[in-house]
Each structure stands twice: as C-alpha cells, then as structure tokens.
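I opened this model to look up its aromatic rings and the confidence behind them. My entries follow.

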Amino acid sequence: MAPIMANLRTAASYARTGNVALAQLETDEAVVRWKQLAPNASVALPAERAEWPGFFDWGQERLTAATVALERGDTFAAGRELLALRQAVHARRRHAGLYDLGDCIFEIAPAMEALRVATIRYGEQPAPANAEETVSAAGAFRDRLVRCNEWANGEIAAQGEFRRVIDGAIASSSEIAHAAMAGDGPLVHRYLIELQSFAQLLDFRYG
C-alpha cells in the first residue's frame, strides 16, 4: 500500500501546484498499482472481505475521474478526487488498526485549515477574541506536529530534512501564537505562509 500512497500524495501535490504533466505520470502509476493491489487487498489491509470489491471499484472510479480531470487541465477537480481516495484509504487503515507516520502527517491538514481560517479572521479584525482563536488553533496544530514527530521511526527522525521541516513547523506554530498575542498582523500572516509550506512539504515527503 505504501507505494500507491506515495503516488497519490505526489500526484495531489503536483495537481495543487499546477504541474499537470507530472500529476498525470503519478496518477497513471497509481492506476497500475491500484489494479495490482486489488487481488491482494485482504493481505494488504485486513478487513471484511465482502467490502473490498466495492471499495476497489470505487477507488478505480476516483482514479479515472482524476485522470479525466487532468486531461482537461482541471487540477482542482483532480485534486479533489485524489484527496477523496487518500482519505478513504487512511480511514480503512485506521479501521484495520494500522497507523504510522504517514497517517499522522495526513491528519494535520484539518488543523492547518483551522489555523488558516483563524489567522485570516484575525487579519481582518485583530480583536482579542480573534487573537485567542489564532493562539488556540496554533496550539492544536503544534500538538499535531509534536505527535507526528513522536511517530517517526529512528531512521526518519534522524534525517536532516525531516528535522528541518518538523522542527521548523513546531517552532513557527509557537511564534505565530506569540505574534497574534502581540497584535502583529503582518508577522502572523508571514508565519501562516511559512507553516503552510511546511505542512505541504511534510505531506509531500512523508504523508
């Protein structure tokens, strides 16, 4: 399952940045691997066997829809289909009692979105209540990052790139809270952009 998850997250990243050609390559590879995985589903992810044919048919439909969307240059639609499939696979892994760093990284997206919404509201009106919302959202995001750091195995945890990204994100999630409390709107916005970049890189490499 790991190879196809890598294809899906890479394709989604390329779709997000508008690189249609590379997104198509990764999606095509995901299609091939999805077809290879289907007969071995009960080995890859233990679950009720009766559910698997429908799940893999649904997944094939999502990949087909993503492929068609990329062919017409609609990267938003392609990204939506790829995200739906990634969410479904992660949900099945959780249901099967499987969890690792990739699952943890994937789950930081909602926390990142909550922080983005909070900081935008703060930028529009830097009132104390909005500052508190930003601080709370930043704390929740930081907690997620710390949890993912703990899930990294020894090899990944020691990698220079992983340390740079995860430590940088943890530090910036603290700094954005401090900036909000200080009433520094421009600095809050700068940290938001930085954190979004960290989150995207984490997802691209380890999600």
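Which residue lies over the face of phenylalanine 55? I found arginine 92 there, at 4.3 Å from the ring centre; a charge counts as over a ring if NZ of Lys or CZ of Arg is within 6 Å of the ring centre and within 35 degrees of the ring normal.

Before going on I noted that this is a predicted model, in which local features need pLDDT of at least 70 and side-chain atom pairs count only at pLDDT 80 or more, while totals for chains, interfaces and linings use all residues. Residues are numbered from 1 along each chain as its sequence is written, and side-chain values use heavy atoms, with hydrogens and water left out.

I looked up the aromatic pairs and found seven (rings of Phe, Tyr and Trp, the last by its six-membered ring, with centres within 6.5 Å; planes under 30 degrees apart are stacked, over 60 edge-to-face, the rest tilted). Because tryptophan 34 lies in helix 2 (residues 20-37) and phenylalanine 55 in helix 4 (residues 52-71), the pair ties together parts 21 residues apart in sequence (helices are DSSP runs of H or I, at least four residues, numbered from the N terminus).

Phenylalanine 55 also pairs edge-to-face with phenylalanine 56, at 5.5 Å centre to centre and 80 degrees between the planes, and both are buried (under 20% relative accessible area, 1.4 Å probe, protein chains only).

For confidence, I noted that the protein chain averages a pLDDT of 87 (the predictor's confidence in each residue, from 0 to 100).

Note on methods. Helices (H or I, at least four residues) and strands (E, at least two) are DSSP runs, numbered from the N terminus. Buried means under 20% relative accessible area, exposed over 50%, partly exposed in between (1.4 Å probe, protein chains only).
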